[in-house]
Amino acid sequence: MVTKRTDYISWDEYFMGIAKLAAMRSKDPGTQVGCCIVGQDNKILSIGYNGLPMGCSDDEFPWAREGKDLETKYFYVTHAELNAILNYRGGSLAGAKLYVSLFPCNECAKAIVQAGIHTVIYESDKYADTDKTIASKMILKAAGVNLVPYQSSGKELTITI
């Protein structure tokens, strides 16, 4: 008797993989972030990555990390989480899980809470000691959002496109 294969990826690996694949669409030369929002039935509801708002040319806005405010990317780039929330065309995101490759900032935390997302699974928390991330964690925890660090299995996936 033929049995099912046992080396398939888990739901968490699948959804974080999709978030990481979405991040590859980002034009940001410094940080590429991807996000995948999933319903309670493990169906993908929305995807996003960090980039400029629709209609804004990637070639006409700055991508610098340092300099005068108007000459850096920070006033212009929409984060992956907010893009995923805004990209959703269904009803409510209440009760959904959000997979993201970088822990959300305080502004995205507010949108996550307002959207009713109840779990955030994040891969990297490299800005954990910054005020924005500390504030983000305060907001998310106060609102009862579950914060789950992604536990990588170490599997390597190869995709030829």
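**Sheet and salt bridges**

Lys20 is partly exposed, with a relative accessible area of 40%. Partly exposed means between buried (under 20% relative accessible area) and exposed (over 50%), using a 1.4 Å probe and protein chains only. The model is predicted: local features need pLDDT of at least 70, side-chain atom pairs count only at pLDDT 80 or more, and totals for chains, interfaces and linings use all residues. Residues are numbered from 1 along each chain as its sequence is written, and side-chain values use heavy atoms, leaving out hydrogens and water.

Lys20 meets Glu123 in a salt bridge, at 2.9 Å from N to O. A salt bridge here is a side-chain nitrogen of Lys or Arg within 4 Å of a carboxyl oxygen of Asp or Glu. Glu123 sits in strand E4 (residues 119-124) and Lys20 in helix H1 (residues 11-23), so the pair ties together parts 103 residues apart in sequence. Helices (H or I, at least four residues) and strands (E, at least two) are DSSP runs, numbered from the N terminus. Glu123 is partly exposed, at 32%.

The structure holds seven salt bridges. Another one joins Asp28 and Lys73, with the closest N and O atoms 2.8 Å apart. Asp28 lies in the loop between H1 and E1, Lys73 in the loop between E2 and H2, 45 residues apart. Both Asp28 and Lys73 are buried.

Now the sheet. Five strands form an open sheet in the order E2-E1-E3-E4-E5, with mixed pairing. Two strands pair if DSSP finds at least two bridges between them. The edge strands are E2 (44-49) and E5 (146-149). Strands E1 (residues 34-38) and E2 run antiparallel, joined by five bridges. In E2, Gly48 is the bridge partner of Cys35, and Ile47 stands opposite Cys36.
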